[in-house]
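Look at the structure below with its sequence at hand. The paragraphs that follow go through the sheet, the helices beside it and a few charged pairs.

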Amino acid sequence: MTAVTRVRNWLAAKRRFEFVATVAMVIALTAVGGALVLLPKSALQIRPVPATADAAVPSVPADPQLPELRRTMESYAPVITRQVCTDDGRLSVVLGHPSQRRDVDALAADVGAAVASVTKLWGTDWARHAVIAVASDPAEFAALTHDSGEVSDQVAAASVSDPFVPPEKPTGQRVVFSAAAGGRLGDVGLRETLRHELTHVAARAVTVDGSPQWVLEGFAEYSAHRGSERTFAQLAPTLTARARAGTLPADLPADDAFAPTPGNDAALAYEQGWSANAYVAERYGEPKLVDLYRHLATGPQDPAALDTVLRTTLGVGRADFVARWRDWIRSRATT
Ligand SMILES: [Zn+2]
């Protein structure tokens with residue numbers, strides 16, 4: 001099996017993939033909007049967003065990115081909209097096309113619970129509503145994520161945001177699913193992917209590009225699987241198999257281990273990142289895990305900086321932390 005084939009097989013097996021630097025993706029919505037100038041004026045007509053039968057009339061203004069987003073999507077295919085108004089009056093919106101109606105309905109049915117789950121973990125310091133778009137094809141997915149490079153048809157979802165200048169809040173944040181996401185992910189995968197991406201959205205304002213991937217992706221994975229009834233071995237099959245064969249991670253996964261490049265076992269890196277975060281949550285509690293994220297998502301961390309943060313947040317140095325994490329993996333994987 002070639003390395004390329006291995007990666008493709010993993011992507012198929014994992015049934016979910018996203019851009020490696022999801023949180024680093026900064027979207028210039030103006031550029032997307034700029035392309036719309038070429039459309040005939042009739043295509044720019046914004047139809048009022050119809051409320052679903054069970055949706056309450058929102059008491060807050062809709063997300064300001066919606067008109068642009070809707071216009072972009074309408075240039076690909078007719079747009080269907082689902083609005084979900086949560087108890088606190090916040091409005092979440094799912095946009096898609098008739099050909100993805102099943103995914104749109106599934107995401108609309110789940111978005112309230114997903115926002116609540118992320119808020120319970122992260123806290124109330126984020127928008128607490130979601131804008132979700134389901135693309136009709138790879139070209140639309142690229143437009144909605146403003147990806148100018150090669151978009152893999154294996155990419156199932158990405159979270160994007162408008163440029164922002166700290167300490168301002170990021171704006172125009174949304175989660176974009178590919179046309180094939182639902183079929184490839186299944187119901188559970190779609191549900192977990194939504195939570196994973198929403199976690200990136202929630203944490204975006206305090207996340208600095210270049211922060212350790214095991215922190216950013218591992219935390220999002222922890223949030224995605226939070227409350228899952230699946231076992232350790234089911235959530236981390238590669239990590240478990242290796243641990244049962246006597247091989248434990250030598251260290252926390254490096255950033256380049258998360259890249260979907262030939263020869264890389266990115267699935268293992270994601271499992272390791274998830275396990276490090278799950279260990280912290282179980283051993284120290286979720287508030288400490290969030291505290292750790294906030295201290296480590298401040299940019300690149302060399303070993304000395306990581307050691308300092310671990311000591312101040314968890315009271316344990318880097319070497320001891322890694323050793324205890326490895327012990328935890330061994331005990332989880334072999335029981
Ligand atoms: Zn991610």
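A residue counts as buried when its relative accessible area is under 20%, as exposed when that area is over 50%, and as partly exposed in between. R330, at 38% relative accessibility, is therefore partly exposed. These values come from a predicted model.

Side chains of opposite charge can pair when their charged atoms come close. R330 forms a salt bridge with D327, and the closest N and O atoms of the two are 2.9 Å apart. D327 is partly exposed as well, at 43% relative accessibility. Both residues lie in helix α13, which covers residues 318-333; because D327 and R330 are three residues apart there, about one helical turn separates them.

Helix α3 as a whole is mostly covered, with seven of its nine residues buried. Among them are L66, L69 and M73, and also the charged residues R70 and E74.

The other salt bridge is between D125 and R294, whose closest N and O atoms are 3.5 Å apart. This pair links distant parts of the chain: D125 is in the loop between α4 (101-122) and β3 (131-134), R294 is in helix α11 (residues 286-296), and 169 residues separate them. D125 has a relative accessible area of 35% and is partly exposed. R294 is partly exposed too, at 29%.

Now turn to the sheet. Which strands form it, and in what order? Five strands make an open sheet with the order β1-β2-β3-β5-β4, and the pairing is mixed. β1 and β4 (157-160) are at the edges; each has a single partner strand, so one side of each has no neighbour in the sheet. From one strand to the next, the twist averages 15°.

Strand β2 (residues 91-96) shows both senses of pairing. With β1 (residues 80-85) it runs antiparallel, and six bridges join the two. I80 has G96 as its bridge partner in β2, and Q83 has V93. Five residues lie between the strands of this hairpin, and G89 there takes a positive phi near 85°. V93 is paired with V131 in β3.

In a regular strand the side chains alternate between the two faces of the sheet. In β2, L91, V93 and L95 point one way, while S92, V94 and G96 point the other way. Are the residues of β2 buried or exposed? Six of its six residues are buried, and the strand is mostly covered.

α4 packs on it and touches β1, β2, β3 and β5 (174-177), and its direction makes about 15° with that of β1. α6 lies across β3, β4 and β5 and runs at about 160° to β5. Helix α6 covers residues 181-203 and includes H200. H200 is buried, with a relative accessible area of 3%. Its C-alpha atom is 9.8 Å from that of Q173, a residue 27 positions away along the chain.

The last stop is a pair of helices. Two packed helices are described by the angle between their axes and the distance between the axes. The axes of α10 (residues 266-284) and α13 come within 10 Å and cross at roughly 95°. Angles of 65 to 115 degrees count as roughly perpendicular, so α10 and α13 are roughly perpendicular to each other. The residues of α10 in this contact include Q272, A276, Y279 and V280, and those of α13 include F321, W325, W328 and I329. By type, the residues of the contact divide into nine nonpolar, two polar and three charged.

Note on methods
Residues are numbered from 1 along each chain as its sequence is written. This is a predicted model: local features need pLDDT of at least 70, side-chain atom pairs count only at pLDDT 80 or more; totals for chains, interfaces and linings use all residues. Side-chain values use heavy atoms; hydrogens and water are left out. A salt bridge is a side-chain nitrogen of Lys or Arg within 4 Å of a carboxyl oxygen of Asp or Glu. Helices (H or I, at least four residues) and strands (E, at least two) are DSSP runs, numbered from the N terminus. Buried means under 20% relative accessible area, exposed over 50%, partly exposed in between (1.4 Å probe, protein chains only). Axes are lines fitted to C-alpha atoms, for helices over the stretch in contact, and angles run from 0 to 180 degrees between N-to-C directions. Angles under 35 degrees count as roughly parallel, over 145 as roughly antiparallel, 65 to 115 as roughly perpendicular and the rest as oblique. Contact means heavy atoms within 4.5 Å. Two strands pair if DSSP finds at least two bridges between them.
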